[in-house]
Amino acid sequence: MRNYLVRRNNDNNLDFFDDAFNSFFKPMFYEEKYNTMKTDIKETENSYVMDVEIPGFDKKDVNVSLKDGYLTITAEKKETEEDKKGNYIRRERSASLSRSYYVGDVSKDAVKAKYENGILSIELPKEEPKKELTHNVEIQ
């Protein structure tokens with residue numbers, strides 16, 4: 001649990017009284033690092049296989065893109081209904097998550113993804129390593 005009376009590495013210079021209301025509705029042992037997509041990555045002979053936990057989202061809410069060697073997964077869900085009958089203090093039905101992974105050289109056209117029961121499974125077939133040309137630079 002974070003100590004709010006003594007804050008180290010505090011970039012926005014909030015003190016105990018300013019931060020008290022920000023943390024009031026968080027669970028007692030809440031850590032912000034647990035709010036990310038948990039991922040298992042394994043390597044097979046021909047590919048990399050990723051299993052990413054994204055519970056609470058529908059397949060239509062999840063987007064996977066691959067650009068410049070980075071695989072980016074975003075999930076966004078917005079609640080549009082308003083409940084005017086309840087006396088809610090806070091509602092947490094909208095959510096947005098994003099995470100990027102450096103995957104290097106993979107066969108972009110053969111990437112497969114499947115979303116089932118809150119788990120996004122992605123298969124990234126390996127691509128033959130490109131031969132790097134060596135160029136000697138003359139020192140003057």
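**Figure 1. D61, a buried acidic residue of the predicted model.** At a relative accessibility of 13%, D61 counts as buried, because the cut-off for that class is under 20%. This model is predicted. The residue D61 sits in the loop that joins β2 (47–53) to β3 (62–67). Leaving aside residues up to four places away in sequence, D61 is in contact with T74, A75, E76 and K77. One of these, E76, has S96 of β5 as its bridge partner.

Figure 2. The side chains of K60 and D61 form a salt bridge with an N to O distance of 3.4 Å. Which of the two residues is buried and which is exposed? K60 is exposed, at 69% relative accessibility, whereas D61 is buried, with a relative accessible area of 13%. D58 joins K60 and D61 in a network of salt bridges. Side chains of opposite charge can pair when their charged atoms come close.

**Figure 3. The salt bridge between K126 and E43.** The structure contains four salt bridges. In one of them the side chains of K126 and E43 meet at 2.6 Å, N to O. K126 belongs to the segment after β7 (119–125), and E43 to strand β1 (residues 39–43), so this pair ties together parts that lie 83 residues apart in sequence. K126 is partly exposed, with a relative accessible area of 28%. E43 is exposed, and its relative accessible area is 54%.

**Figure 4. The salt bridge between K114 and E116.** K114 forms a salt bridge with E116, and the closest N and O atoms of this pair are 3.7 Å apart. E116 counts as partly exposed, at 48% relative accessibility; the exposed class requires over 50%. Strand β6 covers residues 112–116 and has the highest mean pLDDT (96) among the elements of the protein.

**Figure 5. The sheet of β3, β4 and β5.** Three strands make up an open sheet in the order β3-β4-β5, and their pairing is antiparallel. At the edges are β3 and β5 (95–102), each of which pairs on one side only. From one strand to the next, the twist averages 15°. Eight bridges join β4 and β5 in the antiparallel sense. Within this pairing, E76 has S96 in β5 as its bridge partner. E76 is also among the residues that D61 touches.

Figure 6. D68 is not a glycine, yet its phi is positive, at about 55°. The residue D68 lies in the loop between β3 and β4 (70–77). Is D68 buried or exposed? D68 is exposed, with a relative accessible area of 63%. N117 is likewise not a glycine and has a positive phi of about 50°. The loop that holds N117 is the one between β6 and β7. N117 counts as exposed, at 79% relative accessibility.

Figure 7. Helix α1 (residues 16–23) has the lowest mean pLDDT (52) among the elements of the protein. Over residues 1–11, pLDDT stays under 50, and the model has eleven contacts beyond four places in sequence for this stretch. Residues 28–34 also stay under 50 in pLDDT. For residues 28–34 the model has six contacts beyond four places in sequence. Where pLDDT is low, the predicted coordinates should not be read in detail.

**Figure 8. The whole chain, for reference to the close-ups.** The protein has one helix and seven strands. From the N terminus on, these elements run α-β-β-β-β-β-β-β. Of the 140 residues in the protein, 20% are buried. Among contacts with a separation of 6 or more, 52% are between residues 24 or more positions apart. The protein exposes about 12300 Å², of which carbon and sulfur atoms supply 47%. The mean pLDDT of the protein is 76, with 66% of the residues reaching 70 or more.

How values were computed
Residues numbered from 1 in each chain as written. Predicted model: local features only at pLDDT ≥ 70, side-chain atom pairs only at ≥ 80, totals over all residues. Heavy atoms only, no water. Helix = DSSP H or I, 4+ residues; strand = E, 2+ residues; numbered from the N terminus. Buried < 20%, exposed > 50% of the residue type's maximum accessible area, 1.4 Å probe, protein only. Contact = heavy atoms within 4.5 Å. Areas by Shrake-Rupley, 256 points an atom, 1.4 Å probe, with all protein chains shown as cover. pLDDT = per-residue confidence, 0-100. Pairing = 2+ DSSP bridges. Axes fitted to C-alpha atoms, helices over the stretch in contact; angles between N-to-C directions.
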